[in-house]
Amino acid sequence: PVCCWFLAALGAEVIRVEGPGGDLTWRVPPFVSPDGVHRGERGENDLGLSPLRKGRGKRSVVLDLETDAGRDLFRRLAAKCDVLVENAVPGVMARRGLDYDDLAETNPRLVYASITGYGHDGPYRDRPSMDLVVQAMSGLMAKTGFPDGPPTKVGTTIGDQVPSLFAAMGILAALRQREIDGKGQRVDVAMLDALVTLLWDEPLDEFESQGVPPRVGNGDPRGAPVGTYATRDGWVAVVLTSNEQWQRLTEAMDTPDLLERFPGFAERAANRDAINEAFGAWCAAQPTESCVEALLAVGVPAGPVRSPYDAPDDPQLRHRGALEALRHPDAEAPSPYLGPVLPLRLSRAELGTSPAEPLGASTEAVLRDLLDLEDGELARLRDEGALG
């Protein structure tokens, strides 16, 4: 769902195909109705918050792929499309006759993207996967948290979202290759691969040989001050990156002795505790806003540690339009709920998406438009249960 939302926001026409009843998120509160928001039982025309976010820019189609007629319709739709994205357990699409090899016979230009836990080959292929499990297996959890604490997951479902980015990247590359040679291909993205890729931007093997613990909290063994520090009324995040910044910071702190004792990176790395104690005391004596202003004034990267609920009020995010109000397609006004926009800008293209549709709202319209089905055949398919 996230990968295809990226593509929709970039201008793709996306058709989301689900089984009867849709996935669980359609039934999870809170719900948005055409007349407002309520948190009780789901009304007939209400949309869950997750479909309202992830369904933006997509046409919703319901097909029962457990029926022969439903699978046949799916094949016919795939023959008309440029890209297919699926995140079924490996083997499920093949058992239905809907794998890449099956569909490429009738549409050799098809780009077929699969997002799975561990990929379509290898010893873990058939294991079930979830975000928490893949975070653990990738090493990400072992690296997250403080040295004296337990392994800790990232606060969001990064194991789901990061592979979506790589899948969108692979799809765009495959489409570009198709412009060159006219052929589609399979794009295989594994959650485990994606998270391991995130980890190895650092010299972890060198850290291990030096005895650096895998979890270092918010600090960095290579220097100080780096981390989060308590202020009088909150917390501030700081990353000092140069000797010049260190000189200006010690002047602002009025601590020339620190500069004399720890002038370079090696000295600061070897004496992180002493530096953090002195810097922490300086931060604790002032409010967060004043602390951040003082650090920025001497060129040290710094910012307040905010709650995610503060995002709508952040002046930079508001200026950039990073969040948008979600709207029920039948509502005259947006709901109070917010969703992110695609976090990029193109100088010659206007990005954006239409509101999400109710489940199955475009089933018959898509079958008419793409497959030229008429009312009689649609009625027969409804009676056969192919349309859910």
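## Ser 60 and its surroundings

In this predicted model, and leaving aside neighbours within four places in sequence, Ser 60 is in contact with Arg 16, Glu 357, Pro 358, Leu 359, Gly 360, Ala 361, Ser 362 and Thr 363. Ser 60 is found in strand E5. With a relative accessibility of 5%, Ser 60 counts as buried, because the cut-off for buried is under 20% relative accessible area.

## Helix H17

The buried residues in H17 are Thr 363, Val 366, Leu 367, Leu 370 and Leu 371. Looking down the axis of H17, you will find these buried residues within an arc of 100°, so they line one face of the helix.

What do the buried residues of H17 pack against? Their partners are strand E1 (14-18), strand E5 (58-62), H3 and H18. Just after H17 comes Asp 372, which takes a positive phi of about 60°.

Not counting residues up to four places away in sequence, Leu 73 touches Leu 63, Leu 367, Leu 371, Leu 373, Leu 381, Ala 386 and Leu 387.

Now move to helix H11 (residues 243-253), where Gln 245, Trp 246, Leu 249, Thr 250 and Met 253 are buried. They cover an arc of only 130° around the axis, which puts them on the same side of H11. On the other side of H11, Glu 244 and Glu 251 are exposed.

Which elements cover the buried residues of H11? The cover includes strand E10 (235-239), helix H12 (256-261), helix H13 (265-270), helix H14 (272-284) and helix H15 (288-297). After H11 comes Asp 254, with a positive phi near 60°.

The loop between E10 and H11 holds Ser 242. Is Ser 242 buried or exposed? Ser 242 has a relative accessible area of 15% and is buried. Beyond its neighbours within four places in sequence, Ser 242 is in contact with Phe 265 and Arg 268.

## Glu 44, out in a loop

Glu 44 sits in the loop between strand E3 (36-38) and strand E4 (47-48). With a relative accessible area of 78%, Glu 44 is exposed. Between Glu 44 and Gln 177 there are 45 Å in space, C-alpha to C-alpha, and the two are 133 residues apart in sequence.

| Residue | Relative accessible area | State |
|---|---|---|
| Ser 60 | 5% | buried |
| Ser 242 | 15% | buried |
| Glu 44 | 78% | exposed |

## A three-stranded sheet

An open sheet of three strands runs in the order E6-E7-E8, with parallel pairing. Strand E6 (83-86) and strand E8 (186-190) each have a single partner strand and stand at the edges, so one side of each is left without a neighbour in the sheet. On average, neighbouring strands of this sheet are turned by 10° against each other, direction ignored. E6 is joined to strand E7 (residues 111-116) by four bridges, and the two run parallel. Within that pairing, Leu 84 stands opposite Tyr 112 in E7.

## The whole protein

To finish, zoom out. The protein has 18 helices and 13 strands, and its C-alpha trace spans about 85 × 50 × 40 Å along the principal axes. Of the 388 residues, 39% are buried. The protein exposes about 21100 Å², with carbon and sulfur atoms supplying 52% of it. Among contacts between residues at least 6 apart in sequence, 66% join residues at least 24 apart.

Definitions and conventions: Residues numbered from 1 in each chain as written. Predicted model: local features only at pLDDT ≥ 70, side-chain atom pairs only at ≥ 80, totals over all residues. Heavy atoms only, no water. Pairing = 2+ DSSP bridges. Axes fitted to C-alpha atoms, helices over the stretch in contact; angles between N-to-C directions. Contact = heavy atoms within 4.5 Å. Buried < 20%, exposed > 50% of the residue type's maximum accessible area, 1.4 Å probe, protein only. Areas by Shrake-Rupley, 256 points an atom, 1.4 Å probe, with all protein chains shown as cover. Arc of directions from axis to C-beta.
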